[in-house]
Amino acid sequence: MAVTRSMLSLLDTNFVSFLRYTFTKTIVAGDIKELLQLRREVSKDVRDASTRDKILPLLTGVNEYLNEIVEGYTQAGYRLLMDVKLKLMSRLLIGTNEPYLKGLFEVGLCWNPFLNLPYIPASSIKGVISFSAHNIGYSTEAFESEKEASELIFVDSYPVDCDEKLLDIDIITPHYVEVERSIKETNVKPRPIPFLVVAKGVVFRFIILQSKRNKPSITPQDMMKILTAAIELGFGAKTSLSYGRFVFKGE
């Protein structure tokens, strides 16, 4: 089944529902060739539907949503420790085991079905930040402690702008569809698998808040140093292949 570009608009179509509706019959039928072709077609349609001019209202809306989160936490007694925008200098792949897209493309991507956008989970941000803090000599008690709750609140990071498009296509090519070594090397038929990633040039907003209950152990200057170290590590999967590399917006 070919998917025409006019069928998909991220502004008025729930992306996850659209994909599941599009793929269901082919997956149930078990037609691998048709499924592979459908993946290629849908990947291109999704990429073309995610250009900046088509999704800018979504990006503007999520930025306002993040403003409301900050306002809610500050009214609840938290101070804003960090609110920065980071720009992707390479593709981003995060949430490879997330169910929304993995069942369709074999490689997942963190996706919020309500906001209709990809995101970086707060837990992933906290993990990279905590690891970076430890690496450069800061105590990690501000991030995790057995005695009391963390003084820091990490917010899921969402895209709020992009250069050209929000999503792009990547491909992996497993050499063995069958169990490895069950057939001769000369009979192996590599099968390209397209999947979606966040495109280079997308701007994410990173927000960290801090409790006012105790004397803070991390200052905004400390967090900036830690975040700078975290940027060097990268976020998400395939960072060893230069995925998930950010710079401060404006650099």
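## Ser130 in helix α5

Ser130 touches Thr140, Phe143 and Glu144, leaving out residues up to four places away in sequence. This contact list comes from a predicted model. Ser130 sits in helix α5, which covers residues 122–135. Is Ser130 buried or exposed? Ser130 counts as buried, because its relative accessibility is 11% and the cut-off for buried is under 20%.

## The model as a whole

The protein has six helices and nine strands. Its 251 residues include 45% that are buried. Take the contacts between residues at least 6 apart in sequence: 77% of them join residues at least 24 apart.

How confident is the prediction? The mean pLDDT of the protein is 85. A score of at least 70 is reached by 87% of the residues. Confidence is highest in strand β5 (residues 158–162), at 97. Confidence is lowest in helix α4 (residues 99–105), where the mean is 78. Residues 1–6 have a pLDDT below 50. Even so, this stretch has 15 contacts in the model beyond near neighbours in sequence.

## Helices α1 and α2

Two packed helices are described by the angle between their axes and the distance between the axes. Start with helix α1 (residues 15–29) and helix α2 (residues 32–49). Their axes are 10 Å apart, and the packing angle is about 160°. That angle makes α1 roughly antiparallel to α2, because angles over 145 degrees count as roughly antiparallel. The crossing of α1 past α2 is right-handed.

Which residues make the contact? From α1 come Phe15, Leu19, Thr22, Phe23, Thr26 and Ile27. From α2 come Glu34, Leu35, Leu38, Arg39, Val42 and Val46. Sorted by class, the contact of α1 with α2 has eight nonpolar, two polar and two charged residues.

## Helices α5 and α6

Now return to α5, the helix that holds Ser130. Helix α5 packs with α6 at an angle of about 105°. The two axes are 8 Å apart. So α5 is roughly perpendicular to α6, because the range for that label is 65 to 115 degrees.

The α5 side of the contact is made by Val128, Ile129, Phe131, Ser132 and Ala133. The α6 side is made by Met223, Ile226, Leu227, Ala229, Ala230 and Leu233. How do these residues divide by class? The contact of α5 with α6 has 10 nonpolar residues, one polar and no charged.

## Lys225 on helix α6

Lys225 lies in helix α6, which runs over residues 220–233. Is Lys225 buried or exposed? Its relative accessible area is 52%. Lys225 therefore counts as exposed, because the cut-off for exposed is over 50%.

Lys225 is in contact with Ile136 and Tyr138, leaving aside neighbours within four places in sequence. Lys225 and Ile136 are 89 residues apart in sequence. In space, their C-alpha atoms are 8.8 Å apart.

## Asp170 in strand β6

Asp170 is found in strand β6 (residues 167–172). Asp170 counts as buried, because its relative accessibility is 10% and buried means under 20%.

What does Asp170 contact, leaving aside neighbours within four places in sequence? The partners are Arg91, Ile193, Pro194, Phe195, Val197, Lys238 and Tyr243. Asp170 can also be compared in position with Leu93. Asp170 and Leu93 are 77 residues apart in sequence, and 9.6 Å separates them in space, C-alpha to C-alpha.

## Two positive phi angles

Most residues other than glycine have a negative phi. Which way do Asn116 and Lys238 go? Asn116 has a positive phi, near 65°, and is not a glycine. Asn116 sits in the loop between β2 (111–112) and β3 (117–118). Its relative accessible area is 6%, so Asn116 is buried.

Lys238, one of the contacts of Asp170, also has a positive phi, of about 60°. Lys238 is not a glycine either. Its place is in the loop between α6 and β9 (246–248). Lys238 is partly exposed, because its relative accessible area is 27%, which falls between the cut-offs of 20% and 50%.

Terms used: Residues are numbered from 1 along each chain as its sequence is written. This is a predicted model: local features need pLDDT of at least 70, side-chain atom pairs count only at pLDDT 80 or more; totals for chains, interfaces and linings use all residues. Side-chain values use heavy atoms; hydrogens and water are left out. Axes are lines fitted to C-alpha atoms, for helices over the stretch in contact, and angles run from 0 to 180 degrees between N-to-C directions. Helices (H or I, at least four residues) and strands (E, at least two) are DSSP runs, numbered from the N terminus. Angles under 35 degrees count as roughly parallel, over 145 as roughly antiparallel, 65 to 115 as roughly perpendicular and the rest as oblique. A crossing is left-handed if the near helix is turned anticlockwise from the far one by less than a right angle, and right-handed if clockwise. Contact means heavy atoms within 4.5 Å. Ala, Val, Leu, Ile, Met, Phe, Trp, Tyr, Cys and Pro count as nonpolar, Asp, Glu, Lys and Arg as charged, and the others, Gly among them, as polar. pLDDT is the predictor's confidence in each residue, from 0 to 100. Buried means under 20% relative accessible area, exposed over 50%, partly exposed in between (1.4 Å probe, protein chains only).
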